[in-house]
Amino acid sequence: MFAMTRELAAILGIDPSRLRLEWISSAEGTRFAQVATEFTERVKAIGPSPIRKAA
Amino acid sequence: MTAIAQLIDATKTYYCLDCGVCTGSCPVARVFSDFSPRQIIERSLYGLEEPSDGTIWSCLTCAQCSVRCPANIDFPEFVRLMRDEAHQMGFEGVPAHNGMLQTITSIQTGNVRQNRTSWLEGLKTAEKGETFYFVGCRPYFDVVFRDINAGSIKGARSVVGILNAMGEIPVVSNNERCCGHDALWNGDEEKFKMLAGKNLDLIRSSGAKRVVFSCPEGYLTFKKYYPKYFGDLGFEPVHILELLNEKIAQGSIHLAESRAIVTYHDPCRLGRLAGIYDEPRSLIKAMPGVELTEMPRSRENGICCGTTGWMNCSSCSKAIQLERLKEAADTGADTLVTACPKCQIHFRCAKSAFGLEIEIVDLYDMIADRIKSGTGPA
Ligand code: SF4
Ligand code: SF4
């Protein structure tokens, strides 16, 4: 399902790296924080989404 | 006047004779006894119907009832208007596939830059020109329904290959949007208009004089509903069947011989809604070695493929599909030919769910596979 969603995003002109799947257990708090921070930075670097409604 | 009273006026439903021919003809009512077009109409006439009635979403809008109605009541149109009303009040049907297909079309109402033409490699297309090929949602279907072997892109490649063999180099665009068919039939007129407006801008700026369709829904929507909402289009929507039959009659396309016994499923948008019954049949008969056998329910009586607009796919849809595929196999055919990418998906889904033998093949794949090399202009 995840691979399919990425593929659909690419056809729709949405950068597929805006999607990320990561399995993190409840015991891995540090890892969760690290992934969330990394991913937030990544999405910020890509810039505003093309599907955001024009103001 | 209530909203329902207004739509009774608009569709002249008050002429209903209460004869029940609609319900007796309806493939959904046969399986799902809570659904009755006659009762929906009667309740509306007596002021007892509400747009919140969930059964209005079970209708396939297949027009089996309306072609038989002695009072000429257009029940699919009545239901469409009722859904408009329901949608505005916040009621919806149950989207199939968790609403994925609805989301894909919603995203296309925005200013996205799609990459939907990567499958064109090796085929001849142009940026601008007289003829525009409107592909429809096949690039998305191909991904979403890969697990049931949708073959949607194969079909699109077949159509462009056929056009090339006919000497046409069509415009195929990354900026095409969904035609809006499903939004229109599911009561979301606003979404329909946004998608249609974007398509009209695109096609007008391409300089195309005609737009070729292989998808029955796209064809019907452009032919009937775009002019209804937007007036003169400035180009002509044509179905590839018209062009293809002409070329074959002229002898400029040659098809190789290949033995098969097939039966043909009339898609409701192409048959009952657009009135195209003979063209696909003459095309099948033009294929050397191919024998066409008809199912008992064909042409005006052809049964729907079981789901419309990616809504309310249920055990009722599956029952309709299973019955249809059995009917096809009973003709002695080994192949059911479809001329609609959605019919193909629905039947291939049922084929894999029930483990059936019959092959489900796209009409344009059949043609493309048989076109002799050297056909058409050098
Ligand atoms: S077939 Fe027509 S006239 Fe008869 S009940 Fe249905 S809508 Fe009414
Ligand atoms: S349009 Fe088709 S599904 Fe809907 S009520 Fe008529 S026959 Fe039944």
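Start by selecting Val211(B): its bridge partner, in strand 3 of chain B, is Pro237(B). Keep in mind as you click that this is a predicted model. Now pick Val212(B), which is bridged to Val238(B), again in strand 3 of chain B.

What is the strand order in the open sheet? It goes 1-2-3, with parallel pairing. Strand 1 (131-134) and strand 3 of chain B sit at the edges with a single partner strand each, so one side of each has no neighbour in the sheet. Going from one strand to the next, the twist averages 30 degrees.

Now colour helix 12 of chain B, residues 216-230. Together with strand 2 and strand 3 of chain B, helix 12 makes a right-handed β-α-β unit. Helix 12 packs on the sheet and touches strand 1, strand 2 and strand 3 of chain B. The direction of helix 12 makes about 150 degrees with that of strand 3 of chain B.

Last stop: select ligand 1. Which residues are around ligand 1? Among them are Cys16(B), Cys19(B), Cys22(B) and Cys69(B), along with Arg38(B), Ile41(B) and Pro70(B). Show helix 2 (21-25) and helix 4 (37-45) of chain B too, as these are the elements that give two or more residues to the shell around ligand 1. The space that ligand 1 takes up is the second largest cavity.

Notes. Residues are numbered from 1 along each chain as its sequence is written. Chains are lettered from A and ligands numbered from 1 in the order in which they are written. This is a predicted model: local features need pLDDT of at least 70, side-chain atom pairs count only at pLDDT 80 or more; totals for chains, interfaces and linings use all residues. Side-chain values use heavy atoms; hydrogens and water are left out. Two strands pair if DSSP finds at least two bridges between them. Helices (H or I, at least four residues) and strands (E, at least two) are DSSP runs, numbered from the N terminus. A crossover is right-handed if, with the strands pointing away from the viewer, the path from the first strand over the helix to the second runs clockwise. Axes are lines fitted to C-alpha atoms, for helices over the stretch in contact, and angles run from 0 to 180 degrees between N-to-C directions. Contact means heavy atoms within 4.5 Å. A residue is near a molecule or strand if one of its heavy atoms lies within 4 Å of it. On a 1 Å grid over the protein atoms alone, a cavity is a set of points where a 1.4 Å probe fits but cannot get out, and a pocket is an open set with protein on both sides within 12 Å along at least five of seven lines; lining residues have an atom within 4 Å of a point. A molecule sits in a cavity or pocket if more than half of its atoms lie within 2 Å of its grid points.
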